[in-house]
Amino acid sequence: MNASEIKNILDMHVKWLNDEENGSRADLSGAYLRGADLSGADLSGAYLRGAYLRGADLSGAYLRGADLSGADLSGAEGIMSFGPIGETKRIGYAWLDKDDKAVIMLGCHVGNLKDTVGAIRSKYGLKSNYENVIKACVKSLEEQK
């Protein structure tokens with residue numbers, strides 16, 4: 001997918017977000033976006049399932065509600081990966097949203113730090129190392145601001 005096609009999809013997505021005529025939700029599912037410049041893009045609610053985003057620049061991108069399940073975010077700028085952790089050896093991802101608040105994606109869960117810690121405690125109890133790993137990741141992200 002070239003830069004012009006990406007720009008067109010993102011422009012239509014912004015129209016969709018603003019309930020404007022001819023807008024459509026961005027569907028970049030399975031797209032090959034290696035090294036793409038998506039910095040500052042509003043991708044909230046976008047479909048990025050299975051997208052190849054290795055090395056893409058997502059710094060400052062707004063990803064709240066985006067479907068990133070199965071996406072390859074390895075080496076993407078603006079995204080921190082952590083893991084493998086837990087019995088299933090998951091790789092998690094974290095980034096800062098437009099308000100400099102951490103967003104964590106771990107498996108099918110995407111949420112802020114409080115919601116993520118709550119979900120971890122609910123599933124694994126207070127003795128899980130998941131919580132410490134995620135808090136360290138978020139702290140590192142916040143120090144890079």
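In what sense do β2 and β3 pair, and over how many bridges? The two strands pair in the antiparallel sense, over 4 bridges, where strands count as paired if DSSP finds at least two bridges between them. Helices (H or I, at least four residues) and strands (E, at least two) are DSSP runs numbered from the N terminus.

The model is predicted, so that local features need pLDDT of at least 70 and side-chain atom pairs count only at pLDDT 80 or more, whereas totals for chains, interfaces and linings use all residues. Residues are numbered from 1 along each chain as its sequence is written, and side-chain values use heavy atoms, with hydrogens and water left out.

**The sheet**

An open sheet is formed by 4 strands in the order β1-β2-β3-β4, with antiparallel pairing. Its edge strands, each pairing on one side only, are β1 (80–85) and β4 (109–111), and the twist from one strand to the next averages 15°. Axes here are lines fitted to C-alpha atoms, for helices over the stretch in contact, and angles run from 0 to 180 degrees between N-to-C directions.

β1 is joined to β2 (residues 90–96) by 4 bridges, and serine 81 has tyrosine 93 in β2 as its bridge partner. Tryptophan 95 stands opposite valine 103 in β3. Of the 7 residues of β2, 5 are buried, buried meaning under 20% relative accessible area, exposed over 50%, and partly exposed in between (1.4 Å probe, protein chains only).

| Hairpin | Residues between the strands | Residue and positive phi |
|---|---|---|
| β1 and β2 | 4 residues | glycine 86, near 80° |
| β2 and β3 | 5 residues | aspartate 100, near 60° |

**Helix α3 on the sheet**

Helix α3 (residues 130–143) packs on the sheet, touching β1, β2 and β3 (contact means heavy atoms within 4.5 Å), and its direction makes about 165° with that of β1. The helix has 14 residues and reaches 20 Å from its first C-alpha to its last, close to the 20 Å expected at 1.5 Å a residue, the expected span being 1.5 Å times one less than the number of residues.

The buried residues of α3 are Tyr130, Glu131, Ile134, Cys137, Val138 and Leu141. Seen down the helix axis, these buried residues fall within an arc of 130°, so they line one face of α3; the arc is that of the directions from the helix axis to the C-beta atoms. Their cover includes β1, β2, β3 and α2, while Lys139 and Glu143 are exposed on the other side of the helix.

Within α3, glutamate 131 is buried, with a relative accessible area of 8%. Its side chain makes a polar contact of 2.9 Å with the side chain of lysine 135; such a contact is a pair of N or O atoms within 3.5 Å, where within protein one must be able to donate a hydrogen and the other to accept it, and residues adjacent in sequence count only if both atoms are side-chain atoms. Not counting residues up to four places away in sequence, glutamate 131 touches Val117, Ile120 and Arg121.

**Helix α1**

In α1 (residues 3–17), Ile6, Leu10 and His13 are buried. They cover an arc of only 55° around the axis, which puts them on the same side of α1. The face turned away from this buried side carries the exposed residues Ser4 and Lys7. Asparagine 2 caps the N-terminal end of α1, a side-chain oxygen lying 3.0 Å from the backbone nitrogen of serine 4, and just after the helix aspartate 19 takes a positive phi of about 55°.
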